[in-house]
Amino acid sequence: MRSWPSFLALLALGAAADAGCGTAAIKPHKPASATPEDFHTVAVGDMDGRMTPLSDVLGQRPTLVSFWAPWCEPCVEEQPALERLAQKAKECGVAVMGIAVGENRATTMAFARAHGLTFPQFIDQDFRLADALGQRRIPTTMVLDAAQKVLFVGDVLDQRAVAALTGTVRDGGSLPGCSMR
């Protein structure tokens with residue numbers, strides 16, 4: 001059974017299935033106040049309830065970011081693949097993280113626990129990051145390099161996203177024993 005906050009978030013998102021790719025559209029929460037150049041300054045919530053600018057969360061390493069929600073079926077289906085990729089990515093000095101859009105900390109924590117997710121999860125409950133990026137679809141997969149430059153944006157986790165992340169390792173010099181395939 002869906003909690004009231006999650007149900008209200010679902011209504012606020014105005015989720016609608018997109019024929020062909022299985023993603024859900026997210027209606028803007030409010031007009032985007034940030035530009036794509038300053039999305040790094042937008043704070044996201046962590047599982048301890050702290051708000052931290054995205055740039056601090058990303059650090060100086062290539063990162064694959066998955067924007068998702070627990071009510072989104074394609075998002076739920078890709079979580080095991082993201083978990084496997086996150087474990088492999090650690091060996092390569094890159095990161096995988098999830099950002100739950102329009103969800104609260106309790107719902108996100110419960111989902112992560114129930115699905116055995118160990119890769120970092122953050123929260124964009126008020127759609128600030130989604131608005132700053134102009135990101136209106138979930139799942140969305142984004143790959144950033146070590147300088148936090150966006151290299152790839154796509155829908156569900158696929159080979160193009162993995163190739164973009166793998167390319168960041170290749171360009172930066174492969175680590176011994178590193179294989180994300």
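A salt bridge here is a side-chain nitrogen of Lys or Arg within 4 Å of a carboxyl oxygen of Asp or Glu. The model is predicted, so local features need pLDDT of at least 70 and side-chain atom pairs count only at pLDDT 80 or more, while totals for chains, interfaces and linings use all residues. Residues are numbered from 1 along each chain as its sequence is written, and side-chain values use heavy atoms, with hydrogens and water left out.

Start with the charged side chains. The salt-bridge rule gives a count of four. Among them is the contact between D48 and R50, whose closest N and O atoms are 3.2 Å apart. R50 also forms a salt bridge with D46, again with closest N and O atoms 3.2 Å apart. Together, D46, D48 and R50 are linked in a network of salt bridges.

How covered are these residues? Three terms apply: buried is under 20% relative accessible area, exposed is over 50%, and partly exposed lies in between (1.4 Å probe, protein chains only). D46 counts as buried because its relative accessibility is 11%. D48 counts as exposed because its relative accessibility is 55%.

Another salt bridge joins R128 and D126, with the closest N and O atoms 3.3 Å apart. R128 is partly exposed, at 42% relative accessibility. D126 is partly exposed too, with a relative accessible area of 34%.

Now turn to the strands. Strands (E, at least two residues) are DSSP runs, as are helices (H or I, at least four residues), and numbering goes from the N terminus. Look at β8, residues 140-144. Five of its five residues are buried. In a regular strand the side chains alternate between the two faces of the sheet. Which residues of β8 lie on each side? T140, M142 and L144 are on one side, and T141 and V143 are on the other. Both faces are covered.

What pairs with β8? Two strands pair if DSSP finds at least two bridges between them. Strand β4, residues 63-68, pairs with β8 in the antiparallel sense over five bridges. Here L64 stands opposite V143 in β8. Strand β9, residues 150-154, also runs antiparallel to β8, and four bridges join the two. Across this pairing, V143 stands opposite F152 in β9.

Finish at the turn. The hairpin of β8 and β9 has five residues between the strands. In this hairpin, Q148 takes a positive phi near 70 degrees.
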